[in-house]
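This briefing is meant for someone meeting the structure for the first time. Please look over the sequence and the model, then read the points below by topic.

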Amino acid sequence: MSKKKKTLNCVYCDKTGFKSKSAVDSHIRSKHPNMQIAPLGHPEQQPSQQVAITLPLMEPGQQPLECPFCNSKTQVFVKDDGTIASSSEVPTPPSSSEIVGGKEPIRRAEIPVVIDERFAQRRRPDGTFKNTVCMMGTHGRTAPKMPWHEIGIKERWLLNDSHSMSYVKHHVEQGRVDRWWQMHHRWRFTRRVTRHSEDHWTWLQGDNVPRIFMQRKFADVPNSEEFKLREISEMFIGDKLGRGAGYVQVYYTNTFSYMIAQVMYEKKMGITDWERIEIYGCELEQLETEYFRQRPGMEWWLGAAAQMGIQVYFPHDTFIAYAQDLVNTEYGTRMVQYPGYMAYGYKSPSMKEAEEQRQPIGVDPIEENVMGAWDGYHRWFIHGINEGLSQMNRRHTLMDFENENDADNAWLDRFEEDVPA
Amino acid sequence: MRIPVKGVEIATRVVKEIKGRAADQGISLPYLVAMIMAAPDGDHVDIGSLFGASAIAVALIKKELGHKGKVYCIDPYDDEQRLKQATHTEKIEPETLSASPEELMENAEHFGVELKLIHKCSHPWPEELKDATFVTAYIDGDHMQDAPWNDFENLRGRVSHYISCDNYEEEYSDVVKAMWKAMNTDDWFLYYKTLTFVALRRVLPHRSDRTAPFSLLSL
């Protein structure tokens, strides 16, 4: 049995029998040149363009969905009646302060002895604080160590859509971020659902952070400012990084590269005499994109900033500015810090490794690792454990407890004597 | 929390020899000393010093252990303000609160310790200590309304190890409210609570982070 094929009609002259929308458009162009092509006609005028789709029953709220037309994955907001909300009907997510009984974000921070050292490093010789900018990325390894409340920090800079992260959101809402960085293309930052945010684009357009650095000033992002790409590139790359017959024009392999360049620019131009950069939540360990593509440029800028007299600081377990190695573990291949390669030649390749690999060994094998320890590097920190907890958990005997309890009880007995019977 | 014998000895000596009043007969002093013993070298700040019992106990244990660091006292020595505190609870007799900076310094001299007095209110934070950071702090100043919370807010970003507070008890609901809120912030956590004394510590990295075998290879 043959199935009768649906045809389309022209909404201007009621001619029927068109087999496709392009045929209708062609007809409108030739017969009705002053009219709109593919007009958004009233449903009654264009019943053939209405498509009814039956979707699986979904719970109200944000739900993942595969588009029935193009099969791409998307997210929809399902209303209480089971229908899908239009964009204007999607409720604004509540701020973290409005959530009652919501999931408590996991609390993590830096080790107290490191906080002491951070305070010390931020000081000038006269005891006042250096002009320090703290930058934060989104890598969970070190982002929670961001010093949100510590004194001695002039500005805090964040990037991309991290404003919606559970342990970042309330800091942004309480005005603890001075500048935001969104250096991607417009097609990218206008997307609705991004990695950490449900509506990054709306957030960018709001008055959430006083300054937002972007590729240019966007009229619909009132707080946006243009990153001075050409001026900064000519200032710091210009004739300094030669390649072949000329010079490298740009070398910004991730957003942090722009941020560091901006710090250098402001220092050189006398806008702010930046003296220290602290970077948290930036690891660039993902091999294909981050490690190979993004890390080289960023490390180049870090070196340039340090040579300009700007101190650069990372948490002790950060992968950036440190030699790396890959090891196979039961959980798969993992990146680890590789101290042995921090002084190539002095420390690695080691003779032990060479022997294990049955490589030839030359004469004077005792001249191994002659670097030794240098005075004044006592602050170098390896395994951070809380000194207080360490002392509390120190080895003791039961006799210690007995003595301490006796003393404590004797002390408290004094107060019980004062209590009337 | 372990209460060291040394802490009890120091508290006993301070209570016996101090000229003037030690808060609640010094009942919290051994627990304060225990907290100081757990901290490393560095400065300490004492808010609401009165005759100096708590600040002197801290200075004595730091001296005993050879811990470096100064002990700062912040107190406006405002009789009117003290009277307000005293009338809040019957157990404090107003005349025992009329301390002076001179009496604080006399006590410090008697015990052979050095105290740095900032003769001001703790809020707004004194300009002299604008850039100061501390390893430990003790709050025992204004107990009313927003004052305990303001003291915590002023300290949270400049103290690296422990913040303690006295009078965490039913009679001082504003103190309880402030410390409860403080121990639920994203940077501070409950360390221990004994009688009326409460100590907060910094939120730490997860234990699994601190011992992660892949965080650093000893190569």
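Of the 421 residues of chain A, 39% count as buried. The model is predicted.

**Chain A overall**

- Chain A contains eleven helices and 15 strands.
- Taking contacts in chain A between residues at least 6 apart in sequence, 50% join residues at least 24 apart.

- Strand β6 (residues 155–159) of chain A is largely enclosed by the rest of the structure, because five of its five residues are buried.
- β6(A) pairs with strand β5 (residues 132–136) of chain A in the parallel sense, over four bridges.
- Within this pairing, A:Glu155 in β6(A) stands opposite A:Val133.
- β6(A) also pairs with strand β7 (residues 179–181) of chain A, in the parallel sense and over three bridges.
- A:Leu158 has A:Trp180 in β7(A) as its bridge partner.

**The interface of chain B and chain A**

- Chain A brings 53 residues to the contact and chain B brings 50 residues.
- About 4,400 Å² is buried between the two chains, and carbon and sulfur atoms give 60% of this area.
- Between chain B and chain A, ten residue pairs are in polar contact, with both residues at pLDDT 80 or more.
- On the side of chain B that touches chain A, at least two residues each come from α1 (5–17), α2 (29–38), β5 (159–165), β6 (188–194) and α8 (207–210) of chain B.
- α1(B) gives the largest share of that side, five residues.
- By type, the residues of chain B that touch chain A are 28 nonpolar, eleven polar and eleven charged.

**Strands β1 and β2 of chain B**

- Strand β1 (residues 44–47) of chain B runs parallel to β2(B), and four bridges join them.
- One of the residues involved is B:His44, whose bridge partner in β2(B) is B:Val71.
- From strand β2 (residues 71–74) of chain B, B:Val71 and B:Cys73 point one way, while B:Tyr72 and B:Ile74 point the other way; all are buried.

**Helix α6 of chain B**

- Helix α6 (residues 147–156) of chain B is mostly covered, with eight of its ten residues buried.
- The buried residues of α6(B) are B:Ala147, B:Pro148, B:Trp149, B:Asp151, B:Phe152, B:Asn154, B:Leu155 and B:Arg156.
- These buried residues pack against β1, β4 (134–139), β5, α7 (173–182), β6 and β7 (197–202) of chain B.

**B:Pro101**

- B:Pro101 lies in helix α5 (residues 101–111) of chain B.
- B:Pro101 counts as buried because its relative accessibility is 13%, and buried means under 20%.
- Not counting residues up to four places away in sequence, B:Pro101 touches B:Tyr77, B:Leu117 and B:His119.
- B:Pro101 and B:His119 are 18 residues apart in sequence, and their C-alpha atoms are 7.7 Å apart in space.

Definitions and conventions: Residues are numbered from 1 along each chain as its sequence is written. Chains are lettered from A and ligands numbered from 1 in the order in which they are written. This is a predicted model: local features need pLDDT of at least 70, side-chain atom pairs count only at pLDDT 80 or more; totals for chains, interfaces and linings use all residues. Side-chain values use heavy atoms; hydrogens and water are left out. Contact means heavy atoms within 4.5 Å. Buried area is the accessible area (1.4 Å probe) that two parts lose on being put together, summed over both. A polar contact is a pair of N or O atoms within 3.5 Å; within protein, one must be able to donate a hydrogen and the other to accept it, and residues adjacent in sequence count only if both atoms are side-chain atoms. Ala, Val, Leu, Ile, Met, Phe, Trp, Tyr, Cys and Pro count as nonpolar, Asp, Glu, Lys and Arg as charged, and the others, Gly among them, as polar. Buried means under 20% relative accessible area, exposed over 50%, partly exposed in between (1.4 Å probe, protein chains only). Two strands pair if DSSP finds at least two bridges between them.
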